[in-house]
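Here's a quick briefing to read with the model open in your viewer.

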Number of protein chains: 2
Amino acid sequence: MKAVGIVVEYNPFHNGHLYHVTEAKKQTGADLVIAVMSGSFLQRGEPALCSKWHRTEMALANGVDLVVELPYLYSTQKAELFAKGAVTILAEMGVDFLNFGSEAGEIERFTSLVETMEQHEEAFNRLVKDRMKEGVSYPRATAEAFTQLQLDPDTLSLQEPNNILGYHYVKAIREGNYSIQASTTPRQQAHYHEQTLPQTAIASATSIRQALRKDKESGLSQTKHVMPEATFRLLINYQQTYTLLHTWEHYFPLLHYKVMASPLESLRACYECEEGLEYRVKEMMMTAVSFEDWMTKMKTKRYTWTRLQRLATHLLTNTTKEEMKAGLATPLPYIRLLGMTAAGQRYLNDTKKQRQLPLVTRFPKGEAIIAKLEERATAIYLSALPNRLKAEQIQQEFKRSPVRPH
Amino acid sequence: MKAVGIVVEYNPFHNGHLYHVTEAKKQTGADLVIAVMSGSFLQRGEPALCSKWHRTEMALANGVDLVVELPYLYSTQKAELFAKGAVTILAEMGVDFLNFGSEAGEIERFTSLVETMEQHEEAFNRLVKDRMKEGVSYPRATAEAFTQLQLDPDTLSLQEPNNILGYHYVKAIREGNYSIQASTTPRQQAHYHEQTLPQTAIASATSIRQALRKDKESGLSQTKHVMPEATFRLLINYQQTYTLLHTWEHYFPLLHYKVMASPLESLRACYECEEGLEYRVKEMMMTAVSFEDWMTKMKTKRYTWTRLQRLATHLLTNTTKEEMKAGLATPLPYIRLLGMTAAGQRYLNDTKKQRQLPLVTRFPKGEAIIAKLEERATAIYLSALPNRLKAEQIQQEFKRSPVRPH
């Protein structure tokens, strides 16, 4: 059995994702799709709309055969680390292919840029670093470095978020020396950052979340046409059972409390709290009336919104520089299975001997930093629920087994 | 002008307090009443029902002439430290008398016990310590030590909370060698722990808070007959303006988050987290659905409810052993004035030269530990308010001047 790996967040799973799953299988001729999916907090520094379990169900109902977890250690990171974590896990799962959605849509543009960059890496990094020291944001510094090195900027625009991720997937495969063949599916219509919900069947996850946030009453029904029926049903179910779809605003009182209760040195110890940001974090919180308000006050030319949201996530989850450093320096101790179809299970049996790492089906409590971070992030993710549900879900989380669709 | 000092929490100010203020003045013949009042968190480890400013107004409307703050450093402490802080402040304010309410009601019983105890202190402390090591709570160990030393237990029952405090006021005056004459007013009718609201005009603060908690809609109107009109009006005003009267349940989501987000070693660093309590704190929080539920789960023979509530308060305010130790070892850098009548202001002018410490009228931001603790405790106390009011009140708190009734 040949498997294609994909890296996903499914926040939530929509028709664009369904297209990607179908194309990934078709393009590669794989028998099976393996998704590595972010858990509770996502790459852009946001809580997932609903639990990893509901999102796993969405995936399994729509063509994915196996879902494994991208742990917190990697899920809320800049593209390079995020991609490295995801590719390492997919390689361990024994995938033959990796397929990713991208704005560019042609794999040659990624492989050739990765090769070019290897030759210019040092000069490029120096240029980027220098510009960032002057207060320029990373994406802009990158674009400028391209121009200065007279690299053809048309090779591949690294201003587009999915191109950046794709670039790092291809780079991680090359650096890990994995025998994984990369390919890419051009993104349909929707741009990642698009904010208004279109009438067509394909919309970006951003515009879907926007619609859900804007109108709590009818938001969900307005998005029905852009997602598979299973997603719609699972979102309704989540909202009814747990009273909400998670957004940053649900965590604002906790983040506010965290910042108010923490001395500056403890904020400074937080991962991604660099260059005296702790003063700004505290000062802006004194007057902030919502997460949006705090973020707007925090924003400068130097820091992208996403960068600041990731900082907010690490503040909320109390993740320190020290922990992250230790976690990233430790080889992965296990892979966590979130869900499987019958085909997925057959694949796991067939490939059992090839895998080096244990594939865990229960939450692995213990001393591993990766597990501690995950446990904390999950308990804090569940903190948005009403008291009774929160206690119940925290306990269930550490006992439950992977999703298996009937 | 002669002044009588009293130590108060006014949570809320009721008819029993009015009686005490009147009696304190009458018994001592003082011209003026100075109250040292706990700020946001109280001796039993609870948030105050409403802000220190509203409680200061209640006091000034009912016979108190000056209100100064008992800082967080002393306000949420066992009787000995609480009393020491309060007496030190009253001494600095130049009071001639100190009057306290007590169950015993005769000052000789306090002074004679303090004298007796000085002779037996070492043996007594050893007995108490040994019993506590065996898992017995402090109040019970104390009572047993009395019996064993064949001290007459009828001298003064230290099982009664106001007797304990009174004992420590008298002891602190003696140890500080202050020229303050202590006297006591017998408590009227209500026992401190009484939980049902009586029909008479005097009820305990505990029974009043109980009534307010039980019935959010009509709780306030049921308590009208046991408090002065000004208290009633101020409580109504607070509830309408800030949407709540503070109880522990309002802080439960924050405490839950704090415990979930903190590694064991950070819980262990918290003040009053002794003897491995951090494990119990975390374990019981995993299943707790309310503050009451968590406390019930936490409770053992060894720890009184109050002791555990104080731990909860220090966890919530993120107060460490190290900070408390440093704070308690530092001489008081200032006294903070919360409010004054015209008579109170005259007294301040008259006694200006006698005072050693600055009397501050704005919140003294700065490096002093006592100020840092106060700033944090207050910001966290205000965290129970809705987002917009919270931001507004946090800013106002650090700018406002003392209350002056018209």
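**A glutamate at a helix**

In chain B, a polar atom of the B:Glu323 side chain sits 2.9 Å from the backbone nitrogen of B:Thr320. Keep in mind that this is a predicted model, so treat what follows as a reading of computed coordinates.

**More on B:Glu323**

- B:Glu323 belongs to helix H16 of chain B, which covers residues 321-329.
- Setting aside neighbours within four places in sequence, B:Glu323 touches B:Asn318, B:Ile369, B:Leu373 and B:Arg376.

**The sheet in chain A**

- Chain A has an open sheet of seven strands, and reading across it you get E5-E4-E1-E2-E3-E6-E7, with mixed pairing.
- Strand E4 of chain A (residues 97-102) runs parallel to E5(A), and six bridges join the two.
- If you want to find that pairing on screen, look for A:Ser102, whose bridge partner in E5(A) is A:Pro186.
- Helix H1 of chain A (residues 15-28) packs on this sheet and touches strand E1 (3-8), strand E2 (32-38), E4 and E5 of chain A.
- The direction of helix H1 makes about 135 degrees with that of E5(A).

**Cavities**

- Rolling a probe the size of a water molecule over the atoms shows where empty space is left.
- How many cavities of 30 Å³ or more are there? The count comes to three.
- The largest cavity has a volume of about 70 Å³, and its lining is made up of B:Glu69, B:Pro71, B:Ile89, B:Leu332, B:Tyr334, B:Ile335, B:Arg336, B:Ile370 and B:Glu374.
- Two elements of chain B give two or more residues to the lining of the largest cavity: strand E6 (335-340) and helix H18 (369-381).
- Sorted by class, the lining of the largest cavity has six nonpolar and three charged residues, with no polar ones.
- The second largest cavity holds about 50 Å³ of space, and it is lined by A:Glu69, A:Pro71, A:Ile89, A:Leu332, A:Tyr334, A:Ile335, A:Arg336 and A:Ile370.

Conventions: Residues numbered from 1 in each chain as written. Chains lettered and ligands numbered in written order. Predicted model: local features only at pLDDT ≥ 70, side-chain atom pairs only at ≥ 80, totals over all residues. Heavy atoms only, no water. Helix = DSSP H or I, 4+ residues; strand = E, 2+ residues; numbered from the N terminus. Polar contact = N/O pair within 3.5 Å; in protein donor to acceptor, adjacent residues only side chain to side chain. Contact = heavy atoms within 4.5 Å. Pairing = 2+ DSSP bridges. Axes fitted to C-alpha atoms, helices over the stretch in contact; angles between N-to-C directions. 1 Å grid on protein atoms, 1.4 Å probe; cavity = no way out; pocket = protein on both sides within 12 Å on 5 of 7 lines; lining within 4 Å. Points joined across faces, edges and corners; volume = space filled by probe spheres on them. Nonpolar A, V, L, I, M, F, W, Y, C, P; charged D, E, K, R; others polar.
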